[in-house]
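Hi,

Here is the structure I said I would pass on.

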Amino acid sequence: MERLQKAMANAGVASRRKSEDLIVDGHVKVNGELVTELGTKVSKTDVIEVDGVPIYKEEPKYIMLYKPKNVISAVSDPTDRQVVVDFIHGVEERIYPIGRLDFDTTGLILLTNDGDFANLLTHPRYNIDKVYIATVNGIVDTKALTKLEQGVMIDGKKTSKARAKVISTNKDKKTSVVQLTIHEGWNHQVKNMFEAVGHEVYRLKRERFSFLDLGTLQPGEWRDLTAFEVDKLKKIALDD
Ligand code: URA
């Protein structure tokens, strides 16, 4: 059994909050009976109608996309820029990105229509490793690496322990490529962490989300997660 507004939200009718309004305003029937109270619980066999239209629960979908550069991590954009769901062809379900990568960041992003799964992976309580490859200006020294690893202050909050290692440096161009593994998912976190230690990020790619990597995917390509991968992600988040 689940709350009526949750069943409606899961079916893609509207957000939970808006579904509550629809219930209270008398748009919703359960098994032919008008329901205007918010406490109502429904099971899979109950027939729910909104304005006379029966709703059905979407099959949960879990997708990994290699986000290209210059794409918004959203389902739509008021200025018509490309968004991540534009790349997912042939999927009817109302999927949306789990968390965000910046417009100019490339790499692994997950999409789903399963709100509980999305919450599980983005909630600050659950620590999931995210591995980034950053090309930054200057030569990153061990002092900067240690600071990144031990935590830097961003807007009055300290980042948790991270792992940082230099992959390569280019003395002519004065740039470094650094692999940084973090646990939180704050806005612009990697860029802000490098800024805190005096390096500007020129290029950023997320190459890993927990145990998932991009494999042979190319920018713009995607694949379904396997049931095993979905279960493993849930387990990792919950065991933490
Ligand atoms: N950190 C950033 O700065 N940008 C991203 O897109 C992801 C993490």
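How far apart do the C-alpha centres of domain 1 and domain 3 lie? They lie 46 Å apart. Before the rest, some housekeeping: this is a predicted model, in which local features need pLDDT of at least 70 and side-chain atom pairs count only at pLDDT 80 or more, while totals for chains, interfaces and linings use all residues. Residues are numbered from 1 along each chain as its sequence is written, and side-chain values use heavy atoms, with hydrogens and water left out.

**Overall layout**

The protein is split into domain 1 (2-55), domain 2 (62-112 + 217-237) and domain 3 (129-209); these bounds come from an automatic or database domain assignment. Its C-alpha trace spans about 75 × 35 × 35 Å along the principal axes. You will find 6 helices and 17 strands, taken as DSSP runs (helices are H or I with at least four residues, strands are E with at least two) and numbered from the N terminus. Of the 240 residues, 43% are buried. Here buried means under 20% relative accessible area, exposed means over 50%, and partly exposed is in between (1.4 Å probe, protein chains only). Contact means heavy atoms within 4.5 Å. Among contacts with a separation of 6 or more, 62% are between residues 24 or more positions apart.

**The pocket and the cavity**

Both come from a 1 Å grid over the protein atoms alone: a cavity is a set of points where a 1.4 Å probe fits but cannot get out, and a pocket is an open set with protein on both sides within 12 Å along at least five of seven lines. Lining residues have an atom within 4 Å of a point. Grid points are joined across faces, edges and corners, and a volume is the space filled by probe spheres set on the points.

The largest pocket holds about 470 Å³ of space. Its lining has 27 residues, and Arg100, Tyr132, Glu184, Gly185 and Trp186 are the closest to the pocket centre. Domain 2 and domain 3 each give at least three residues to this lining. By class, the pocket lining has 11 nonpolar, 10 polar and 6 charged residues. For the classes, Ala, Val, Leu, Ile, Met, Phe, Trp, Tyr, Cys and Pro count as nonpolar, Asp, Glu, Lys and Arg as charged, and the others, Gly among them, as polar.

There is also 1 cavity of 30 Å³ or more; the largest cavity has a volume of about 40 Å³. Where does the largest cavity lie? Domain 2 and domain 3 both give residues to its lining, so it lies between them. The lining is made up of Lys69, Asp104, Thr105, Lys191, Val201, Tyr202, Arg203 and Leu204. E15 provides the largest share, 4 residues. The cavity lining divides into 3 nonpolar, 1 polar and 4 charged residues.

**Helix H5**

H5 (residues 189-196) has Gln189, Val190, Met193 and Phe194 as its buried residues. They sit on the same side of H5, because they cover an arc of only 130° around the axis (the arc is that of the directions from the helix axis to the C-beta atoms). Their cover includes strands E10 (130-137), E11 (153-154), E14 (175-182) and E15 (201-209), along with helix H4 (142-150). Just after H5, glycine 198 has a positive phi of about 85°.

**Some backbone and loop details**

Most residues other than glycine have a negative phi. Asparagine 70, in the loop between strand E7 (62-67) and strand E8 (96-97), has a positive phi near 60°. Asparagine 70 is partly exposed, at 40% relative accessible area. Aspartate 155 has a positive phi as well, near 50°; this residue lies in the loop between E11 and strand E12 (157-158) and is exposed, at 78%.

Asparagine 31 lies in the loop between strand E2 (28-30) and strand E3 (33-34) and is partly exposed, at 44% relative accessibility. Not counting residues up to four places away in sequence, asparagine 31 touches Asp46 and Val47. Lysine 6 is part of helix H1 (residues 4-10). Leaving aside neighbours within four places in sequence, lysine 6 is in contact with Arg16 and Asp116.

Cheers
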